[in-house]
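Hi there,

Here is the structure I promised to pass on. Have a look at it first, and then read my notes below.

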Amino acid sequence: MSSSSGNVRILIKGGKVVNDDCTQEADVYIENGIIQQVGKEMMIPGGAKVIDASGKLVLPGGIDTSVHLEESFMNATTADDFYSGTKAALAGGTTMVIGHVLPEKNESLLEAYEKCRSSADPKACCDYALHVGVTWWGPKVRAEMEKLVREHGVNSFQMFMAYKDMFMLRDSELFQALQQCKDIGAIARVHAENGELVVEGAKEALDLGISGPEGIEISRPEELEAEATHRAITIANRAHCPIYLVNVSSMSAGDVVATAKMQGKVVHGETTTAHAVLNGMHYYHQDWAYAAAHVTVPPLRLDPSTPNYLMSLLGNDTLNVVGSDHRPFTTKQRAMGKDDFTKIPHGLPGIEDRMSVIWEKGVIGGKMDENRFVAVTSSNAAKIYNLYPKKGRIIAGADADVVVWDPEGSKTISVDTQFQGGDVNLYEGLRCHGVPLVTISRGRVVYENGMFTCAEGSGKFCPLRTFPDLLYKKMVQREKSQAVKAVEREPYTGEVVPVLNSGKREFGVSDSDTPTRPSTRHGGVRDLQGSSFSLSGAQIDDKIPKRSSARILAPPGGRSSGIW
């Protein structure tokens, strides 16, 4: 099929159109890569391909906000490039992905971005955009962030509070990065874990002889995520920057996000399919390869009620988006850490299964309806990344990224039948009700009944605009209402005590410079032998008038009644 959508006409007939806010019975007419009409009894030109959607749902194509394609990470390269990865996405009902550019420490952000674009453009089968990682900090990074926003269509940057000595920013650097995001109108994505304590926890686990995959869960307990989540929100609030927390993996971190939202802070949260479906007991499996296949960060959580809780947070809008965080590695690659869990590359597959698994566990599981499903898999991402309503909605004038979804259909997930890379599927044997029958990207049928008709390189890079309303409208209003002002008052004209010890330190002694008290033989108790008495000179009681005599009624210790 030609990659051009110029003369392709498609009529989707008889289905229910599902958007994030409503469901309606309507036909959808597509031409020139754009949705031209949505409604009933429309006047349609001849020659259109008719797709019968009777009894089916017509959804906006999914938007996967976190994928790692053709990426080198922890001495391994992911098992999917932009061709195989985006192809698998289309098979699962996803029509746009947002990939990651992760520069090495001291590497130019611009050069890393250009390198990624040069490999992605000729391969991508669906539309894509890019997040750029702020993996170090300095004036050059600040300048390149602005250039990426102004000239290269990037509107999101990812900062890390974990990965010490690799990607991690200190709090002061994170504060400055968030300030820069706010100034240029970018989305600040933050991976929140206490990186310092993660390193200490890993050392402790290894010292105890714990070298298997269970070490990833032991060394990164959820309190480290909750603490860092609170700290990230606090730093963002001080920087007056909206914050988007990624890979929210625990109940306690979810509660921190919920509390911040109730306080009116501009906070959005993203979890992953794996965190919302699986738990951390897999790390304790007897088969090392099976346990290692689940290694990701933050880790899957031991508490078996965590996935159910996170799915509920997606359902009630505490968490806004679910991504796959697709980063597939093979068993051989993970075996680099067979004797040391810190060397197992972090990452799970899932770009193909995200939509069906969330439908099964979220919609069939009673946590959300079909409208909320569209919100967390497509519409919210489109709104946050300033793509809405061109993407994320079935409406006249929108891009023709559409999925015909069979809510009654089912499939059993297996590594043997998957299109995505890697030699393991985390959801092996899971029977999913709710499957994509037809995927339309840029007005072309690219996947139908298990067959691909997409061309390599037919996807396009989508430049993203800054200052998305969903994040910045509220932030601007908050700044106006909470602006700090100096108190207007008459200047003080009275006397001022002269500063003593001129030339010496003018401010109070800092905690680190506080002189220590000399120790005494009384173990810290006041030395009663050290008094203000002096044998010469002025005495402390010189101003008290002296009495000529004093009658002692009872000597110290009381009267003596005994016989000496």
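Predicted model: local features only at pLDDT ≥ 70, side-chain atom pairs only at ≥ 80, totals over all residues.

Residues are numbered from 1 along each chain as its sequence is written, and side-chain values use heavy atoms, with hydrogens and water left out.

Helix 13 covers residues 370-384, and its 15 residues reach 20 Å from first C-alpha to last, close to the 21 Å expected (1.5 Å times one less than the number of residues). Helix 13 is largely enclosed by the rest of the structure, because 13 of its 15 residues are buried (under 20% relative accessible area, with exposed over 50% and partly exposed in between, using a 1.4 Å probe and protein chains only). At its start, a side-chain oxygen of Asp369 comes within 3.1 Å of the backbone nitrogen of Asn371. After the helix comes Asn386, with a positive phi near 65°.

**Asn194**

Asn194 sits in the loop between strand 14 (187-191) and helix 5 (195-207); helices (H or I, at least four residues) and strands (E, at least two) are DSSP runs, numbered from the N terminus. Asn194 counts as buried, because its relative accessibility is 12%. A polar atom of its side chain lies 3.1 Å from the backbone nitrogen of Leu197. The side chains of Asn194 and Glu227 make a polar contact at 3.0 Å (a pair of N or O atoms within 3.5 Å; within protein, one must be able to donate a hydrogen and the other to accept it, and residues adjacent in sequence count only if both atoms are side-chain atoms).

**Cores and the whole chain**

The largest nonpolar core has 131 residues, of which Phe157, Met159, Leu178 and Leu245 touch the most other members. Such a core is a set of buried Ala, Val, Leu, Ile, Met, Phe, Trp, Tyr and Cys residues joined through side-chain atoms within 4.5 Å. Apart from it lies another core, of 19 residues, including Ile10 and Val438.

Overall, the chain has 14 helices and 21 strands, and buried residues make up 53% of its 564 residues.

Happy browsing!
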